[in-house]
Amino acid sequence: MPSTAETALRRTTLHERHAAAGAKLVPFAGWEMPVQYAGIRDEHLAVRRHAGVFDVSHMGQVQTCGPQAPSFLQHLLSNDVRRIPEGGAQYSLLCREDGGILDDLFTYRLAECDFLTVTNAANHEHDLAWMQERAAGFDVDVIDRAPEFAMLAVQGPAARELVRGLADGALPSRMHCCQRDVAAVPQLICGTGYTGEDGVELLLDPGQAPAVWDALVSAGATPCGLGARDTLRLEVCFHLYGNDMDERRNPIEAGLGWCCKEATGFIGADAVAAARADGTPEKLVAFSIEGPGIARQGNPIKGGGIVTSGTFSPCLERGIGMGYVPAERAAPGTQIEIDVRGTVRPAVIERKPLYQTKGSSTA
Amino acid sequence: MTDASYPDDLLYHPEHDWARVADGVATFGITWYAQEALGEVVFYEPPTVGSNVTKDEPYTEVESVKAVSDVIAPLSGEIVEVNAALADKPEMINDEPYGEGWLVKVKLSDPDEPGSLLDATAYKASLA
């Protein structure tokens, strides 16, 4: 696979909108994406207080359909796929045999035997190949749908009302999805997100995305970049693949045992069951810095461990993050010390989420 | 945030730092371009008075929400004063990069060193 350095960065169909709005564009997983428009803090607070819209068209989609689609996905995904109702959504992991995490995914059940799975941009090609290679014994089609979808996330306490005002019918409830027109453009609306706030994600024809973006912005959604997406997700302790887990980590140490149903026999179930029974040497924890300073990804934690995500929290107004620590020192309230480029910063392990959103679940 | 500006009375380092030299002491800060590239500064901890800085070497850090950036010393010498007010108001580095957002004052060790820096015209040309 060519590296991103050797190939031109891909652009979403909203690129001109981003450039016109003065966005700072950065390379991300092979794409040129907006990291911020007006500023990360303002965008972050717009999502916590009202509504923001994110272009997340870099994310991939894989359709799995056919008579054995349910049993095929049950074999690959860590969660219990049979429990997704038609029009439902579920979070799960894709694991190796040894339990190493290949990706984290949202899967939408469009019909009894028709599923759409959203992948992380950096993992999409690998996920697709992994799924297709394992489809041989199943009566199932695994199809790359990434080129056919743009993806917008509209998030915040006012997001639903804002989208509802542009839609031709009721919006799906949380963790559900349905087909609707928004701004007269047909699309799949999903009651999911990555900010901890209520809101929806829209999957639509890339060519129509600019018109829908314009309608959402005109209706009051603040354009938000990947910078705010990262601070928002970290405040509510949602994992970022590549930071907080990767194929060297299993779901138990990553704190994702809740979306693993070993009884289904998914690839990696035995390893996950063993880790659940025996415990793991390290655990992923959330922390906040006590006093000044901001820990960053890669900072060592004294006594063993490492910061996997670290930022400044616009809502809590202090340094926050997640990282792995020895399991015996992972309890909330435990004091830790983080080596921030040579300066020792005291921190405390906190319960997740670090920030409690108002009036919405954190799925 | 202000519009781009590069005052004529300052000397510039290509790593986007400025120096205002008077009587053997230089005030350092980061340029408009640097603060714009960094984004809103949310954390700054001044270095220690009495420590030495070396031209072209990092002497402190500024942090935005997203990232931490080294600040390069435009000239060499000893830090004689720091802008302690920035600890509480780091956003001044964005709002007034040449005024209230100054970082340190340095007693210069080499009076000839300022001659190696860029003037505003040359610095602006380097940004183009």
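1. The C-alpha centres of domain 1 and domain 2 of chain A lie 24 Å apart in what is a predicted model, where local features need pLDDT of at least 70, side-chain atom pairs count only at pLDDT 80 or more, and totals for chains, interfaces and linings use all residues. Residues are numbered from 1 along each chain as its sequence is written, while chains are lettered from A and ligands numbered from 1 in the order in which they are written.

2. Chain A is divided into domain 1 (15-57 + 149-235), domain 2 (60-147) and domain 3 (282-350), with bounds that come from an automatic or database domain assignment. To the contact between domain 1 and domain 2 of chain A, domain 1 gives 11 residues and domain 2 gives 10 residues, two residues being in contact if their C-beta atoms, placed from the backbone, lie within 7 Å. On the side of domain 1 of chain A that touches domain 2, there are 8 nonpolar residues, 3 polar and no charged.

3. Strand S7 of chain A (residues 114-119) is mostly covered, with 5 of its 6 residues buried, that is, having 20 or more other C-beta atoms within 10 Å of their own, with C-beta atoms placed from the backbone. Strands here are DSSP runs (E, at least two residues), numbered from the N terminus.

4. S7(A) runs antiparallel to strand S4 (residues 60-65) of chain A, to which 6 bridges join it, and A:Gln63 has A:Leu116 as its bridge partner in S7(A). Strand S6 (residues 101-111) of chain A is likewise antiparallel to S7(A), through 5 bridges; A:Thr117 is the bridge partner of A:Thr107, and a hairpin of 2 residues joins S6(A) to S7(A).

Technical notes: Nonpolar A, V, L, I, M, F, W, Y, C, P; charged D, E, K, R; others polar. Buried ≥ 20, exposed ≤ 12 C-beta atoms within 10 Å, placed from the backbone. Helix = DSSP H or I, 4+ residues; strand = E, 2+ residues; numbered from the N terminus. Pairing = 2+ DSSP bridges.
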